[in-house]
Amino acid sequence: MQLELQSLLDLADPGVLERGRALFLCGAVLEASRSRGRLQARVQGSAPFPYRVEINLSKGEWGCTCPYAWGPVCKHVVAVALAALEAPEIFARKKLPKTRLLDLEPLLELSDDELLRLLWQLEEARPELMQEFAYNLLQRYR
């Protein structure tokens with residue numbers, strides 16, 4: 001199903017649309033890229049870490065890492081859609097990897113202790129990523 005950005009914006013609540021426009025206008029859309037009908041960006045919202053947004057126009061899918069659950073489209077997705085429509089030059093053209101599911105089977109076979117050691121190693125190697133993950137995880141369960 002092909003998705004038009006204007007159709008996506010039409011799904012947004014008027015208040016969400018205005019908040020998304022405000023995010024776009026204040027330059028909150030960061031690290032934007034485009035490839036083969038997919039838009040990806042990080043959007044700085046009220047959280048300490050930017051949310052990750054992806055809009056797949058060819059599949060008619062979109063998503064955001066924010067905890068918004070009161071409608072089909074959050075303000076971060078709106079900001080990215082508006083950026084694509086009104087400031088397409090901020091989207092770097094780069095070859096995005098195909099989205100594919102990772103094989104989690106080997107990880108699921110690890111013991112709890114082994115998984116915890118892996119997470120601590122990740123925290124040592126990529127502390128900013130683990131902090132962002134931990135924050136987003138806590139937001140999801142509030």
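A nonpolar core is a set of buried Ala, Val, Leu, Ile, Met, Phe, Trp, Tyr and Cys residues joined through side-chain atoms within 4.5 Å. Buried means under 20% relative accessible area (1.4 Å probe, protein chains only). The model is predicted: local features need pLDDT of at least 70, side-chain atom pairs count only at pLDDT 80 or more, and totals for chains, interfaces and linings use all residues. Residues are numbered from 1 along each chain as its sequence is written, and side-chain values use heavy atoms, leaving out hydrogens and water.

**View 1. The largest nonpolar core has 32 residues.** Val29, Val43, Ile55 and Val80 touch the most other members. At least two residues each come from α1 (5–10), α2 (14–25), β1 (29–35), β2 (38–43), β3 and α3 (75–86). Helix α3 gives the most, eight residues. Helices (H or I, at least four residues) and strands (E, at least two) are DSSP runs, numbered from the N terminus.

**View 2. Helix α3 is mostly covered.** Nine of its 12 residues are buried, among them His76, Val77 and Val80. The buried residues pack against α1, α2, β1, β2, β3 and β4. Contact here means heavy atoms within 4.5 Å.

**View 3. Five strands form an open, mixed sheet.** The order is β4-β3-β2-β1-β5. Strands β4 (61–64) and β5 (92–93) are the edges, each pairing on one side only. Two strands pair if DSSP finds at least two bridges between them.

**View 4. Strand β3 (residues 51–56) runs antiparallel to β4.** Four bridges join the two. Ile55 stands opposite Trp62 in β4. Beyond its neighbours within four places in sequence, Ile55 has contacts including Leu3, Leu8, Leu39, Val77 and Val80.

Methods:
Buried < 20%, exposed > 50% of the residue type's maximum accessible area, 1.4 Å probe, protein only.
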